[in-house]
2 protein chains.
Amino acid sequence: MSSLKRVCVLGSGNWGSTAARIIGNNVLRLPDFDDRVNVWVYEELVNGRKLTEIINTEHENVKYLPGHKLPANVTAVADAREAVRGATHLVVVIPHQFVQDLLDSIRGSVGPGARAISLTKGIVISTQGMTTMTQIIHRALGIPAASLSGANIAGEIAEEKYCETTIGCADPVEAAVWSSLFNTPYFQVNCVSDVIGVEFCGALKNVVAVGAGFIDGLGLGNNTKAAIIRIGFLEMRRLALHMSDAQIQDATFMESCGMADVITTCYGGRNRLLAEAFVKTGKRMSQLEQEMLNGQKLQGYLTAGEAYSYIDSRAMTDNYPLFTNIYQICYEGKHPRSIFDGLNVDFSRDTRTPPPPLPSSSA
Amino acid sequence: MSSLKRVCVLGSGNWGSTAARIIGNNVLRLPDFDDRVNVWVYEELVNGRKLTEIINTEHENVKYLPGHKLPANVTAVADAREAVRGATHLVVVIPHQFVQDLLDSIRGSVGPGARAISLTKGIVISTQGMTTMTQIIHRALGIPAASLSGANIAGEIAEEKYCETTIGCADPVEAAVWSSLFNTPYFQVNCVSDVIGVEFCGALKNVVAVGAGFIDGLGLGNNTKAAIIRIGFLEMRRLALHMSDAQIQDATFMESCGMADVITTCYGGRNRLLAEAFVKTGKRMSQLEQEMLNGQKLQGYLTAGEAYSYIDSRAMTDNYPLFTNIYQICYEGKHPRSIFDGLNVDFSRDTRTPPPPLPSSSA
């Protein structure tokens, strides 16, 4: 029986295939890791052939990452339980609405020493607070879970265009292992200990991107968009400080998962795109989701609603004018021009109070 | 003799004319201010007519802000000494290379109770440290000087597209007066006490924009550009903390003059544009300045050289890999692809150490 560590990537969409490609190459030079990397693939037929069979013979996910070869040590597996067997490192990278079912299906097959990292975006905010993917993974499997998020539009990474990402992992030794699996010259990993903060940024940035899309839809310029990005970023940070009981660190917002991802998502990305179309066409968001996302729900639109429910339940809308305006434009029929209402909020005191000095030993 | 305050705008380019338009409208509802706003105009002939005469009859700067009427209470004056006579509030908004001569020419005409605000970008960095426009104004005229900078591409403001700006003013009462002169529903002013920090951001962001232009020239995408913006922003902040002996505040970087201006300048703006052309055409920067800026010097290129001289003189290039790479690409013929060399620097500890606690009175 091998004592080597082994990776299983759960998910084989665009981002999952990109991650499998990076990890598949990296394990070849990591002596602690088995060369074989399993990828759980949701089985489907592509031109009459099984997708797993195509991946395992042609070494390419022709449906979700066409044009980019996967290393030959990456193996597609259709059965999730079989895929995770013997894996020490699980990479969760499937759409958030499928995560719970998948975790339930593999529970008995994951070894006790395994650990996970979530590349899946999407936290759930209620009036009570938030639940993140790593919390869901930890509850379902009883293993520690790290998070990965950054300015990472998947198509650009597959083309090996330089970017950065952030891994949130509480244990520095484990963080270094995850980094060794993901880091490449064109995909630069920074690690922070703030697991939740990384996930929070990955979800909330989509709300800001909806605002940025409204600006594009209104035909306004770079100054306006930069103002919306700045205010949105500071409302994100303010909400994090409020919700997280000192768990989320200010410094996380300066990492790729924070500032950089807000920027890239506000200039590229489909949240921006749909919000622009929302203004230009006057169609309802649900109709645009049907037309432009094959009926998938737009993340920023959902998160805007959830964040508002939390903010409103605590009578804090005056402190979050941008998030409130975005919510009301999305859900209550307010005109997109109202995005500017009441934005002159002072954020300059939104830093954590430093902890009080320790009592003097000479006292 | 009137006890009313009076504004003189020194400069009538694109940004100066835009500022005169905003101030000219605002003074009409400020009871403390004389309605008349003088604008010093560098006299030139436009289609055989004096520019001052055109502005004073047609209420439009047809050369530098065509298509936007100035309020009738804005008066163009060709003689700078005459323009500033009786003015209590001087708005300096001419290209930086002309500032010293202008200040020398008006020295005897500025009253002792006057104060100034600098909209002129451009600090001078030497191996000794930096000199800013407000310092130059204060030395030349002996009056207090505030600064104004933000995500403010002038053309978009003239079109009344929403944006924000930052005023740096040490005195909060004076800050409120400056704010009342500039603030409009579409031009939102935030005030900070950090005069130098506002100016520092306004100059250094141009270096980051040169880097962003290289990325565009290389045909890379949103992820890459966001990474360069993030790292550039953090190198700016690091350099500020190093140079300013605790004068510049961290929080200033979160204002419009910081984060938002870096973004807008890296997506719009001519620093980005020339740097993109530099990569795509392979021409020398001086040739591009000739072709694209009528021989004017590109600010980001100059500042990159000055910042490097400071960094290099202190053997700190390893701590500023992006600024160093941008310098070497601009001045030493390194390939633009080398912009990524050594960028994996840890910025997470770049926050000010809070001041030590005051000695306990019970000790």
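Visitor: Which residue of strand 11 of chain A is the bridge partner of Leu148(A), and how should I read such a pairing?

Guide: Two strands are said to pair if DSSP finds at least two bridges between them, and the strands themselves are DSSP runs (E, at least two residues), just as helices are runs of H or I with at least four residues, numbered from the N terminus. Here the bridge partner of Leu148(A) in strand 11 of chain A is Ile167(A), and strand 10 and strand 11 (residues 163–168) of chain A pair in the antiparallel sense over 3 bridges. This is a predicted model, in which local features need pLDDT of at least 70 and side-chain atom pairs count only at pLDDT 80 or more, whereas totals for chains, interfaces and linings use all residues. Residues are numbered from 1 along each chain as its sequence is written, chains are lettered from A and ligands numbered from 1 in the order in which they are written, and side-chain values use heavy atoms, with hydrogens and water left out.

Visitor: In which sense do strand 7 and strand 10 of chain A pair?

Guide: Strand 7 (residues 115–118) and strand 10 of chain A pair in the parallel sense, over 3 bridges, and within this pairing Ser118(A) has Ser147(A) as its bridge partner.

Visitor: Why is strand 10 of chain A described as largely enclosed?

Guide: Burial is read from relative accessible area (buried under 20%, exposed over 50%, partly exposed in between, with a 1.4 Å probe and protein chains only). In strand 10 (residues 145–149) of chain A, 5 of the 5 residues are buried, so the strand is largely enclosed by the rest of the structure. Ala145(A), Ser147(A) and Ser149(A) point one way from it, Ala146(A) and Leu148(A) point the other way, and all are buried.

Visitor: Which strands of chain B pair with strand 6 of chain B?

Guide: Strand 1 (residues 5–10) of chain B runs parallel to strand 6 of chain B and is joined to it by 4 bridges, with Val7(B) standing opposite His89(B). Strand 7 (residues 115–118) of chain B also pairs with strand 6 of chain B in the parallel sense over 4 bridges, and there Val92(B) has Ser118(B) as its bridge partner. From strand 6 (residues 89–92) of chain B, His89(B) and Val91(B) point one way and Leu90(B) and Val92(B) the other, and all are buried.

Visitor: What does Thr165(B) touch?

Guide: Contact means heavy atoms within 4.5 Å. Not counting residues up to four places away in sequence, Thr165(B) touches several residues, including Leu148(B), Ser149(B), Phe187(B) and Ser256(B). Thr165(B) lies in strand 11 (residues 163–168) of chain B and, at 0% relative accessibility, counts as buried.

Visitor: How many residues of helix 8 of chain A are buried, and how far does that helix reach?

Guide: The expected span of a helix is 1.5 Å times one less than its number of residues. Helix 8 (residues 195–217) of chain A has 23 residues and reaches 34 Å from its first C-alpha to its last, close to the 33 Å expected. The helix is mostly covered, with 23 of its 23 residues buried, and just after it Gly219(A) takes a positive phi of about 75°.

Visitor: Where is a positive phi found in a residue other than glycine?

Guide: His59(A) is one of these cases, with phi near 55°; it has its place in the loop between helix 2 (51–58) and strand 5 (74–77) of chain A, and at 23% relative accessibility it counts as partly exposed. Glu160(A) has a positive phi of about 60°, is found in the loop between helix 6 (154–158) and strand 11 of chain A, and is partly exposed with a relative accessible area of 42%.

Visitor: What rotation superposes chain B on chain A?

Guide: Two copies of a chain are related by a rotation about an axis and a shift along it. Superposed by least squares on the C-alpha atoms of residues with pLDDT of at least 70 in both, chain B falls on chain A by a rotation of 180° with 0.0 Å of shift along the axis (RMSD 0.0 Å). The two copies are thus related as by a two-fold rotation axis. The same surface serves both copies, in that 100% of the contact residues of chain B recur in chain A.

Visitor: How many residues does the contact take from chain B and from chain A?

Guide: The contact takes 40 residues from chain B and 40 residues from chain A. Buried area is the accessible area (1.4 Å probe) that two parts lose on being put together, summed over both; chain B and chain A bury about 3,500 Å² between them, 60% of it on carbon and sulfur atoms. In chain B, Tyr162(B), Asn223(B) and Arg230(B) lose the most area to chain A, together 23% of what that side buries.
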